[in-house]
Amino acid sequence: MIAVRNMAFYIGLIISITALTSYPAQAAIESFEFDNAQQEQTFYELTKLLRCPKCQNQNIADSNAELAKDLRNKAYQLVKQGQTKEQVVDYMVTRFGNFVRYDPPLTPATIFLWLGPLLFVMGGVFILVKQVKTQTGKKQALAPQEKQKLASLLAQHDRDSER
Amino acid sequence: MLNKRRILMLLVPFVIFIIGAIFLATPLLKGSDPSKLESALIGQPVPKFTLQDIFNQNKQYNADIFKGQKMLLNVWATWCPTCYAEHTYLNKLANQGLYIVGMNYKDDRQKAIRWLKELHNPYQISLFDKSGLLGLDLGVYGAPETFLIDSQGIIRYRHVGDLNEQVWNDKLSAIYEEMQ
């Protein structure tokens, strides 16, 4: 009886582990043949650079989606025809928009990506300089009253430690 | 004086936080879906193509079919469950007199013909894009997609996903009415 229960437990455990573990998506093994190493390099770079429109955050090299496969094939065709990396990227952008690029171009909509960090650093430096200035301004000699208080506190401390 | 400055300094991060929160919350509350992309072809003519009629292999169409009147171009496939869901509404729109061109995308011809016979055919013209050639040129990244095309053959809008009464009334009908 106990053995049966144990087995049920282990089976349950195995099922839940299998269900909860997500296997990393593996791109299907495709073989592309190129005329030269340059083309192969271009194709390799393109599949890293082009983003799969269907799958939010994967490039077409990593994605297993049907559409990513189509785009890999199309990129391969175009590279094989002798098109440059820029030409292939342009081809994709005219169809899918800038979403398809992992290095977005400088446009009014994306300018914040470049200016944002710069503004942030400049703001930080500004606040720092201001802060340092006010701090140095505060360094004033003690008022007579404060001097007296300090002296009496020190005297008190000395007496306490002598005991 | 000093107190005022302190309050001001403390307010700055708070204000930045509020701006950031509004910036991030607006698309969330508006219910915009980040997986829906705007078409790169808005304001551009339908790309050139030559495709077969789905019922008749000998009949071919090109981009000229999109000129002369405003219409919808619906991209669908039998392997796409959402296409099944929206099919009834497409029939309804067709019955209201809308001109709808269907593009069967990367599909099996026999299955597609059976689908149209069984579920009624809302399309005036049915293109058969077996290899997804026109789909690629249109930037289709998932079926169903519906393009609104004016009488000059210019793409005015693309809707990705289920076309239903709510979507039509809330968004598409206004764009459709405004088109020439």
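A residue counts as buried if 20 or more other C-beta atoms lie within 10 Å of its own, as exposed if 12 or fewer do, and as partly exposed in between, with C-beta atoms placed from the backbone. This is a predicted model: local features need pLDDT of at least 70, side-chain atom pairs count only at pLDDT 80 or more, and totals for chains, interfaces and linings use all residues. Residues are numbered from 1 along each chain as its sequence is written, and chains are lettered from A in the order in which they are written.

**View 1. The helices of chain A.** Chain A has 6 helices and 0 strands (DSSP runs numbered from the N terminus: helices H or I, at least four residues; strands E, at least two). From the N terminus the order is α-α-α-α-α-α. Of its 163 residues, 13% are buried. Among contacts in chain A with a separation of 6 or more, 45% join residues 24 or more positions apart (contact: C-beta atoms, placed from the backbone, within 7 Å).

**View 2. The open sheet of chain B.** Its 7 strands follow the order S2-S1-S5-S4-S3-S6-S7, with mixed pairing (two strands pair if DSSP finds at least two bridges between them). S2 (60-62) and S7 (155-160) of chain B each have a single partner strand, so one side of each lacks a neighbour in the sheet. Neighbouring strands are turned by 30° against each other on average, direction ignored.

**View 3. S3 beside S6 in chain B.** S3 (residues 71-76) and S6 (residues 145-149) of chain B pair in the antiparallel sense over 5 bridges. Met71(B) stands opposite Ile149(B) in S6(B).

**View 4. Helix H5 on the sheet.** H5 (residues 165-178) of chain B lies across S6 and S7 of chain B. H5 runs at about 165° to S7(B) (axes are lines fitted to C-alpha atoms, for helices over the stretch in contact; angles run from 0 to 180 degrees between N-to-C directions).

Note on methods. Contact = placed C-beta atoms within 7 Å.
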